[in-house]
Every structure is written in structure tokens, then in C-alpha cells.
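The sequence and structure are shown first.

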Amino acid sequence: RSDIKMQYKQLSLWNLKLSDAGTYTCEYGTHKVHTSLHIVNLTISLDGHFLQNEVPELILIQNSSSPLPHLSITLFDSNNNRVTPEIQNKNLQEYIVNLKKLETVDSGIWVCQIHSDSPLINQNISFAVKVLGFQNPDLERKYATVDSTVILSWHLNSQKIKWKKGFTGQLNWKQQEGAESHELLDFNVTAGQLHEIRKSNNLLFEIPESKPEGTIEVKLPKVHFNHSGQYQCQLEYQGRHAQSKIELVVMKVSANPAGPLSRGASVTLTCQVSGPLAPDAYLSWERVNGTKMDIKNSKQHELKLEVIISAAGLWSCHLIEDSDKKISFHYIVEEASVWINYVIIGASIGGSLLAFALGCLCIISGVSWQRRRQRAKRMAQARQHLLENKTCQCQQ
């Protein structure tokens, strides 16, 4: 691991080890020149291959023949941003540096800058960091209306960072926290190629064939209200896991009573979401081209909003989050035709007349029945009186 170039009076060393540190003396005749070699070794845990949210550990070891100096350590991430690490000094020979939780954007070349005033040391040591994971946000919400089509996507960065090693994963769905989990599909990545296997028929979903490279997708061609919930995609590498979750929130609208709105009547419109919602999200009913009086907002954390209306037209329920309309469901309240109103009015009048006629008939029948009863009573009394008179004549 060494070579001497006599014409330049140079000693070349390569593949340095910590044990190579020390004082090197060059003798030429009566002349002696001393050179001190200070060696620093930097290692990174897991050989620089991490999953998102893992915390790397750097170990910096120095060796010298002279007293070891106190080193100042500064780190710069792959975007050249200064990182303040947590440094543990066991002794001057070894420094243990704990970094932050990694994200996929942290992949790239990092720089460790070491400095010492005595002896003067200014050295930059670069090292590679690869972070395998999803490019999705940590928690993503996606909104859909009943009977619409929605595509849920998870974007792996394995192609972007040229992750050559294989890994596996799966996609699970459950309606709410603590509920039974349904495995929708398994996947594995070998030699950069993604392979998917459908695992469940509990949910009507499709696996799109055409999609961006390194993307896990499921398609719900006709969303039901009970398709809402947590869809979690998880990958596994060497017994370690990383995951990304999409919360699907579904909206539905109903009317009671359903059908055309007749004159003078009212209908209750109900807008409901499966939840949960963000803290600053709420529901809002409004009549299109209506007035401010036609607007009604839900309270915080309410998942259902009802409004009683007596005006036909186009009504819209909005899910608003941070002043942004995330999703809207439009419902048309039709006005009953004129002839239907006439039929209803006629039926009402006819019903009233019929009730009046039945009432009169009942009164007449009652009076007639009362008269017949009184007549029968008088006839019975007359017969009784006649019998009593005949009995008296026989006794005489």
C-alpha cells in the first residue's frame, strides 16, 4: 500500500487505515524532515441505504501520533442545506453523530466538514445517502363523490435513486382505525421492475395497466359510500418497513321527500361525508345563483349537514378546507309541473268535499236511525198499553 518515488523524494500511501497515522521521517544524508499524518475515518450506518423516517448514525474516528484535537463537525445535506446534528462525544478519538429522520428528498451526496485550529484541519468528507420510500405526503386525503371514479396512487422513488436491490410490499385497506384490514394487492420490485398481484375481491377495484414507472395504483370505477377509509401502502426491505397512507373521504347527498317540489311544500336536503375531516374543514350548502340567505355551513367536526328548502333549483354541497373547495356535489330540486299542482289542489278540494259529504251522510243516517228508534219505542209502548187494557176487561 505504499510506494517511494526517489526522484521526487515522495512516499505514496493508499487504502489508508487508522493505524497508518503517525510521524513519518524522511532522512537524506544528515537532513531529517518529520511529517505528521492525521487520519480521520467516517462511516455511516446501514451502508448509507435507508427507508424514509429512519435516523442515520455517523461515526467519526481520528488517529494521530500527537495529542488528538477537538474537532468541530458541520453537516450539509444533499440540497446543500446546513444540518445541525446531535453529537455524542465518548472521547476525542470517536464522535457519534445522529442525524434527523430522513425523507426521500434527502437522497444524494452529503458533506461532513471537520475543522480544528491546532493542528489546522479543514477537511470535507462526502458520503452517499439513499432513502427508499414514497414521494407522497405522510398523510394524504383524497375526496370523491358517490358513483364517481377515483384513482389512488403511491409513487416509489426506487427508479429515481437507482435502488438496485429488491424489496417487497403490500397495499391494505380498512374503513376506520382499529377495523379489520383487507389486503388488496402485493408487489415486489426486482432489478428495478415492479410486479403486482391482486389479493382481494372484497372491494370492486382495478389495477390500471398504464401508469407512471414505479407507481402503485388502484382504481375505484364506481365509488360507494362504504369504500371510504384508510388505504395504506407498505414496503419492506431487510426486515424494515416504510408506509404511506391515503385517507379516502366520500360524499353523498339525499333528499326527503324525493321527487319534484310542489308549490308551498318543502324538502330536506342532507349532505354527508364519511370523514374524518381536517381541523379547518367544514360542509356548506348553497343554492346556485341564490342569495346569502340560501347558504348554510356546518359546525367544526360535523360530518352531516341538513337544510330545509322550499325553492327549486340547483343546490350544491361543498367540502371546504382552508378556504379551498375540495369537492362539490350538485343536486337538482325540480319544481312540480303546473298540472301536477292543479291535480294536487283538485285532490285536496275533492278530498275536502268528500269528507264533507261523508260527514253529512253520517249526520243524516244518525238522525234517521234516532227517529226509527223513537218510533219503535212508541209502538212498543202502545202494544203494552193495549195488552194491559184487555187484561182488565177479562178480570171484570
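A pocket, as the term is used here, is an open set of points on a 1 Å grid over the protein atoms alone, where a 1.4 Å probe fits and protein lies on both sides within 12 Å along at least five of seven lines; its lining residues have an atom within 4 Å of a point. The model examined in this way is a predicted one.

In this model, the largest pocket holds about 410 Å³ of space. Its lining is made up of 14 residues, and those nearest the centre are K9, Q10, L11, T25 and C26. Three strands, β2, β3 (22–28) and β4 (31–37), each provide at least two residues of this lining. Among the contributors to the lining of the largest pocket, β3 gives the most, with 5 residues.

The protein as a whole has 396 residues, of which 34% count as buried. Its secondary structure consists of 1 helix and 27 strands. Of the contacts with a separation of 6 or more, 55% are made by residues 24 or more positions apart. The accessible surface comes to about 24,800 Å², and carbon and sulfur atoms account for 51% of that area.

M6 is placed in the loop between β1 (2–5) and β2 (10–13). Because its relative accessible area is 64%, M6 counts as exposed, a term that requires over 50%.

Technical notes: Residues numbered from 1 in each chain as written. Predicted model: local features only at pLDDT ≥ 70, side-chain atom pairs only at ≥ 80, totals over all residues. Heavy atoms only, no water. Helix = DSSP H or I, 4+ residues; strand = E, 2+ residues; numbered from the N terminus. Buried < 20%, exposed > 50% of the residue type's maximum accessible area, 1.4 Å probe, protein only. Contact = heavy atoms within 4.5 Å. Areas by Shrake-Rupley, 256 points an atom, 1.4 Å probe, with all protein chains shown as cover. Points joined across faces, edges and corners; volume = space filled by probe spheres on them.
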